[in-house]
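User: Can you walk me through the pockets and the ligand site in this one?

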Amino acid sequence: MWSKNTFTERLNLTWPILQAPMGWLSSPALAAAVSNEGALGSLGMFGYSAEDAERRIAGFRQQSGGSLNVNYPLWPRSAPRSETVERMRKRLEPHYAAKELGPVPYPTNSAGEVTAEHLDMLLRVKPEMVSFHFGVPEPDIVQAIKDAGIFIISSATTVAEALALERAGVDAIIAQGLEAGGHRGTFSGVDLSLQPTLVALLPQAVDAVSVPVIAAGGIADGRQMAAAFVMGASAVQLGTAFLHCEEANVLDAHRRALLESNDACTLVTDMLTGRPARYIRNRLTDDLIAAKIEPVSFPAQLSLIAPLEKAGDPEFSVLLAGQSASMGRNSSASTLVKSLVEETERSLRRLLS
Ligand SMILES: Cc1cc2nc3c(=O)[nH]c(=O)nc-3n(C[C@H](O)[C@H](O)[C@H](O)COP(=O)(O)O)c2cc1C
């Protein structure tokens, strides 16, 4: 049975489907709707204080008794270089002027870490799963979370990264193919041109590690899910497909761009946040790539870009999306989970008949 395995049993899931954590775009209402269908809802904690993170988890618990994944992207604090900042501010000046946004601000910076406050909160509130992006935290934090009985996962973009995560003690690994929307989860410095697509990465990761592997990247319907299970996945993680759902906290400009997307409209660049991520191409990505200047370090670069979104123009918005964006459907998350299950079963039946 494709839907039952050690991973689903451990996390008490009816369906091996994860809604990807997507920062503030993954609302408690979205995660709850997914978990209420027996799949796994996720809350992204990018930029949230421990107090706000706890509030988001409480919002989920009010709406669902199902399992929850809480996600932390990890990165060190870095001091943006002043020449890089000035060059970037100058490049953005005409766009700010055209949208009457005033002077381009100076960047604000932060670190992405599981602080003592976040760790205390996690050990007290005990979400069923904690996931990381860009590697894993220090061994003592991983151990403390595991000792509390919480399941840990993180993303790998190559087999070498999958092996490194297994050595660091994760309970399962997300194989993130190059098709994926959002930030590349890479943490080993491997060049983008060397990172495999899901159809190449998934079976090689499954063969290399002994923990369950979750397939992510470009999955938007049951045919692709069936293929992932045939290749050895224990579960699938979908991000962009859930962005289309009415419960997702997505700006109108982003929704419009998703509706108008096609198979060849996304690209990976580090120019919007300082780290490589996949977006729907627009005038902003084209202009910053053409500038041939360096981005400010992550995530300070995003603090220079984010104000441009206020004007609501898709051409100057941060349109994170994967290569299957055009396969999305405007439905509730509950309908999406039901349809994905039904399509996967139909695809597997057709294969065997
Ligand atoms: C809008 C958006 C935001 C994302 N933010 C996060 C995040 O905060 N943490 C994380 O682990 N992954 C994040 N991801 C990546 C997903 O975990 C996953 O790898 C990806 O969505 C899979 O590809 P798909 O979008 O084609 O389904 C994000 C993806 C998208 C589309």
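This is a predicted model: local features need pLDDT of at least 70, side-chain atom pairs count only at pLDDT 80 or more; totals for chains, interfaces and linings use all residues.

User: What volume does the largest pocket have?

Analyst: About 930 Å³. Its lining counts 45 residues, and the closest to its centre are Pro21, Met22, Gly182, His183 and Leu320.

User: Which elements give two or more residues to that lining?

Analyst: Five strands and a helix: β3 (68-73), β4 (129-133), β6 (172-176), β7 (182-183) and β9 (235-238), along with α10 (240-243).

User: How does the lining of the largest pocket split by class?

Analyst: There are 25 nonpolar residues, 19 polar and one charged.

User: Where does the largest pocket lie relative to the domains?

Analyst: Between domain 1 (1-76 + 111-247 + 332-353) and domain 2 (79-110 + 252-326), because both give residues to its lining.

User: Why is the second largest pocket said to lie between the domains?

Analyst: Domain 1 and domain 2 both give residues to its lining, so the second largest pocket lies between them.

User: Switching to the ligand. How many residues surround it, and which are the closest?

Analyst: The ligand is surrounded by 20 residues. Pro21, Asn71, Gly218, Gly239 and Thr240 are the closest. Pro21 is also among the residues closest to the centre of the largest pocket.

User: Which atom of Thr240 lies 2.5 Å from a ligand oxygen?

Analyst: An N or O atom in the Thr240 side chain.

User: And which backbone atoms lie by a ligand oxygen?

Analyst: Gly239 places a backbone N or O atom 2.9 Å from an oxygen atom of the ligand. For Gly181, a polar backbone atom is 3.3 Å from a ligand oxygen.

User: How much of the ligand does the protein bury?

Analyst: The protein buries 96% of the 600 Å² that the ligand exposes when taken alone.

User: Now the backbone. Where is the cis peptide bond?

Analyst: It joins Phe298 and Pro299, with omega about -5°. Pro299 sits in the loop between α12 (283-290) and α13. That helix, α13, also supplies residues to the lining of the second largest pocket.

User: And what is the phi of Asn12?

Analyst: Near 60°, a positive value in a residue other than glycine. Asn12 is placed in the loop between α1 (6-11) and β1 (17-19).

Definitions and conventions:
Residues are numbered from 1 along each chain as its sequence is written. Side-chain values use heavy atoms; hydrogens and water are left out. On a 1 Å grid over the protein atoms alone, a cavity is a set of points where a 1.4 Å probe fits but cannot get out, and a pocket is an open set with protein on both sides within 12 Å along at least five of seven lines; lining residues have an atom within 4 Å of a point. Grid points are joined across faces, edges and corners, and a volume is the space filled by probe spheres set on the points. Helices (H or I, at least four residues) and strands (E, at least two) are DSSP runs, numbered from the N terminus. Ala, Val, Leu, Ile, Met, Phe, Trp, Tyr, Cys and Pro count as nonpolar, Asp, Glu, Lys and Arg as charged, and the others, Gly among them, as polar. Domain bounds come from an automatic or database domain assignment. A residue is near a molecule or strand if one of its heavy atoms lies within 4 Å of it. A polar contact is a pair of N or O atoms within 3.5 Å; within protein, one must be able to donate a hydrogen and the other to accept it, and residues adjacent in sequence count only if both atoms are side-chain atoms. Accessible areas come from the Shrake-Rupley method with a 1.4 Å probe; for residues, only the protein chains shown count as cover.
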